[in-house]
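Have the structure open as you read.

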Amino acid sequence: MRDVAIVAFAQTDHLRRTDELSEVEMLMPVLHQVLDATGLRTSDIGFTCSGSSDYLAGRAFSFTMALDGVGAHPPISESHVEMDGAWALYEAWVKIQTGEADTALVYAYGKSSPGQVRDVLTRQLDPYYTAPLWPDSVALAALQAQALIDAGDTDEAALAAIATRSRTDASDNPHAQLSGAVPAGDYLVQPLRTGDCPPIGDGAAAVILAAGDTARALCARPAWIRGIDHRIEAHGLGVRELTESPSTRLAAERAGVFDRPVDTAELHAPFTSQEVVLRKALGLGDEVTVNPSGGALAANPLMAAGLIRLGEAAARIHRGESDRALAHATSGPCLQQNLVAVLEGESAHA
Amino acid sequence: MPKEPVAVVGVGQTKHVAARHDVSLAGLVREAAVAALQDAGLTWADIDAVVIGKAPDFFEGVMMPALYLADALGAVGKPMLRVHTAGSVGGSTALVAANLVAARVHRTVLTLAFEKQSESNAMWGLSLPIPFQQPLLAGAGGFFAPHVRAYMRRTGAPDTVGSLVAYKDRRNALKNPYAHIHDTGITLEKVQAAPMLWDPIRYSETCPSSDGACAMILTDRAGADRSPHPPAWVHGGAMRSEPTLFAGKDFVSPQAGKDCAADVYRQAGISDPRREIDAVEMYVPFSWYEPMWLENLGFADEGEGWKLTEAGVTELDGDLPVNPSGGVLSTNPIGASGMIRFAEAALQVRGQAGEHQVEGARRALGHAYGGGAQFFSMWLVGAEPPTG
């Protein structure tokens, strides 16, 4: 395997609404930030890959217009996944592994504000048996939370503490949508209160990957991807044990998470209860700094939130605040699909 | 370390029809996947990862359907990726899957693309609301017709060429049991007498709306050694994209298409595509795109593509058969159409194309494009493993 690193990361300020911005306008600043940080131009990039979903914009081929923000002329080698940008990063990492590219630009964006995101997400459920019932994302997460409470894995006070820790940590994150002392709030869907749930917002993120010496030339302390893997579970909630996340566990094993301790974990857990599931699957103890950015509870721009976890973990390595970090992204109802990566600074590799 | 050679050892398609009322989305994709596994002599347990593609989720009204389809495609516990690059997606999906093998991340990958257009309305799915796009485009035909007209003006092609392509592709489709349109009574006169839809594009020169899926099994050298049937080897593959609209864009022959073909030929060691390639599965949703892409892909000089078509070069028994399967003009489950091109190219060099087999095909090109003629994906497959 080639050594590949995240060498630059940028994200927007995440906002409840961005009516005045098109997706291209939302993306342009972060694309420029990662290019400026590395000194690369679009024509220098070996491969470009993006992640997004048409359903958020309410129109087909949303990504074709977003491509305009990249300035793709002369034509570029480019692809798109209808998935969170974390999977776009994975595709780009594979491309670099083939040797056909040494650098990659990865970006993701999502505007949840044009629609009712709880309704929109019901459309990703089994279209014949489940989606017609319109079970929304908060209700499904509440099922999972109640299963955890019933299993004795957590309680409402512990969930509230996760929310408080995340949003307090987000006070140091200028991009966060929610930060500071956030009250637990009323029940949204019992047992989940508003404080247990992510904000709905618009946002974008971009990352640049580079291989080997190219990465060293572009970044003082590259965040090396020592392992990356993703796994999916069955779709039907009735055939899954919702208190477990075997796909996260398997992806972590394949990514080498358990080879040595990590000091940081950026977990894509939009609901407090999901952090409980992920901590268990990943075997994270209290000694690990979890979601110092505030995580998805502080800002959850759909399709970008997973890529942001990779970016936040990488940025801590860039700044020397972490030597070995875990980054996680999720997709689908109740943590159906999960990606895990291990990022390391140079010294940790030696 | 050089890339791992990638082999196509299994191909499966559904019979493509206007509406598969007898199966769900899951049932449709599973049919193609099972057929590909049978062709490869493999079981679900042999598959390390699944890569699927389709065109906009709006076509069926299911957001990110990979989540729902994970069970049907045996992906539980495995990595699963969903690619979406507009009309080129079927090709891009195959290339993403091929890269997983080439990079030695996985050894055997199932890749599949589908569309079940009967569950929704493609015209609605493509009619973008204001303010995202000007409300003047009557679906894809309305977008592409002016570019066809520009091609005719630029090259002086006679207005008979489009109907020749449609007549050829629909006759070829009669030899392909999986093709959607089987018009047994077709004549050139009937093609020419069809109503004009978007001048100069006649109804008979447009693609149908199909339900269908196409799957392939891609594997490494060791996997190819175990294949019960001859594999097709990937000699080159590439994707190129350019913006939808910008001042310098040539809609008749986009730069991204030229660059993509050039990259594939470089990888495959092809210097004279017209002589060195035996069959082409080309993405031709409107008949005039055959002569246009013949030029864009380097099979003819600029302005000369229509002459190849007119001379019968692209007929099934011609010197450079184009779309022996009947092509997109005869079968168009949109998200799958690109992968069908890639898969049919593989069938040709495996000698498994049945009645529409091109005699002695050793190297074949699969081609797809999408969006506003801005996304391109292609691969070149051969009967022999790549050297070096």
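## What lines the pocket

Keep in mind that this is a predicted model. By class, 16 nonpolar, 12 polar and nine charged residues make up the lining of the second largest pocket. That pocket has a volume of about 830 Å³. Its lining counts 37 residues, and those closest to the centre are Glu100(A), Lys3(B), Gly236(B), Gly237(B) and Gln267(B).

On the chain B side, helix 3 (89-102), strand 8 (232-241) and helix 9 (255-268) each give two or more residues to the lining. Strand 8 of chain B has the largest share, with seven residues.

## How chains A and B meet

Now for the interface: 54 residues of chain B are in contact with 56 residues of chain A. Together the two chains bury about 4,800 Å², and carbon and sulfur atoms give 66% of that. Of the area that chain B buries against chain A, Phe58(B), Met63(B) and Leu67(B) supply 16%, more than any other three residues.

The side of chain B that touches chain A draws at least two residues from each of helix 2 (66-69), strand 3 (80-83), helix 3, helix 4 (122-126), strand 8 and helix 9. By class, this side splits into 31 nonpolar, 13 polar and 10 charged residues.

Note on methods:
Residues numbered from 1 in each chain as written. Chains lettered and ligands numbered in written order. Predicted model: local features only at pLDDT ≥ 70, side-chain atom pairs only at ≥ 80, totals over all residues. Heavy atoms only, no water. 1 Å grid on protein atoms, 1.4 Å probe; cavity = no way out; pocket = protein on both sides within 12 Å on 5 of 7 lines; lining within 4 Å. Points joined across faces, edges and corners; volume = space filled by probe spheres on them. Helix = DSSP H or I, 4+ residues; strand = E, 2+ residues; numbered from the N terminus. Nonpolar A, V, L, I, M, F, W, Y, C, P; charged D, E, K, R; others polar. Contact = heavy atoms within 4.5 Å. Buried area = accessible area lost by both parts, 1.4 Å probe.
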